[in-house]
Amino acid sequence: MTGFARVDGHGDGYSWTFEAKSVNGRSLDLRCRLPSGFDSIEAAARADLPKRLARGNVNLTLTVNRAQDVSQLRINRVLLTQVLELAREIEGAGAAPPRLDSLLAIRGIIEPVEEDQTEARERVEAAIKIDLAKLIDQLVVNRIAEGNRIAEVLNGHLDEVARLVDAASACASTQPEALREKLRAQVTAILGSFPALPEERLAQEAAILIGKADVREELDRLRAHIRAARDLMAEGGAIGRRFDFLCQEFNREANTLCSKSADVELTRIGLSLKASIEQLREQVQNIE
């Protein structure tokens with residue numbers, strides 16, 4: 001679920017940088033850092049992102065800069081007319097006529113033209129929304145690339161789990177005889193010089209222990225889980241939640257196998273199996 005994307009844009013005297021960062025998360029959580037006045041961009045992101053992503057903590061950051069405008073100037077003709085009328089009155093009284101530079105120096109004669117930025121701002125927001133779509137596309141592509149790399153790791157862990165299950169199966173095939181010998185040794189130690197138990201009674205007790213210690217069912221379920229995991233990976237899409245649940249089932253069977261084991265080697269294999277399943281589960285947290 002990790003990924004990064006960046007899109008730069010400019011227009012109408014504005015420039016912007018749009019970034020998206022995605023990390024692991026149990027559900028989809030979007031956090032936006034946008035300049036004041038660009039709330040419509042966040043609304044668009046919250047509407048579009050869930051259509052493309054199902055899990056992950058996603059941070060969107062938008063930085064917008066506005067170029068310094070070169071303001072146009074205009075003459076305040078109403079004020080200029082009033083000044084000229086006053087100048088003519090003064091000139092009629094014998095004063096010298098005003099010079100042009102003196103007139104232009106009068107405050108308010110020349111004033112900047114304030115342009116209406118409403119339309120420009122609307123065009124900029126529309127362009128940023130187009131870049132938002134590009135940003136989400138780029139983020140999805142990067143997350144898919146990361147997912148393909150993780151898939152190779154997951155297959156490796158599944159191969160190791162399958163190898164350990166085969167090893168446990170081979171070891172479990174010798175477990176009935178091992179239990180029988182263990183029971184015989186225990187009975188001999190307890191009875192000492194007393195007459196040994198009849199062979200039939202010993203066989204009954206061994207059958208009870210073997211039934212309780214039979215791990216074939218757990219091994220069969222582990223093989224079924226391996227097939228289900230490979231089918232999920234072949235299916236693609238948002239499989240993270242289902243795969244996470246499957247890992248819990250993997251772990252449940254491995255725990256039962258260890259608890260039933262009456263053989264040191266089988267226990268060792270079971271512990272290795274649990275370690276491999278935990279490594280598998282940790283990687284599953286990285287997929288959507």
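The crossing of α8 and α9 is left-handed (near helix turned anticlockwise from the far one by less than a right angle; clockwise is right-handed). This is a predicted model: local features need pLDDT of at least 70, side-chain atom pairs pLDDT 80 or more, while totals for chains, interfaces and linings use all residues. Numbering starts from 1 along each chain, and side-chain values use heavy atoms, without hydrogens and water.

**Exercise 1.** Describe how α8 packs on α9.

*Solution.* 
- Step 1: Locate the helices (DSSP runs of H or I, at least four residues, numbered from the N terminus). Helix α9 covers residues 264-284; helix α8 covers residues 240-260.
- Step 2: Take the axes (lines fitted to C-alpha atoms over the stretch in contact, angles from 0 to 180 degrees between N-to-C directions). They lie 9 Å apart, at about 170 degrees.
- Step 3: Classify. α8 is therefore roughly antiparallel to α9 (angles over 145 degrees).
- Step 4: List the contact (heavy atoms within 4.5 Å). α8 contributes residues including Phe243, Cys247 and Phe250; among those from α9 are Leu266, Leu273 and Ile277.
- Step 5: Sort by class. The contact of α8 with α9 has 12 nonpolar, 5 polar and 3 charged residues (nonpolar: Ala, Val, Leu, Ile, Met, Phe, Trp, Tyr, Cys, Pro; charged: Asp, Glu, Lys, Arg; polar: the others, Gly among them).

Note on methods: Helix = DSSP H or I, 4+ residues; strand = E, 2+ residues; numbered from the N terminus. Parallel < 35°, antiparallel > 145°, perpendicular 65-115°, else oblique.
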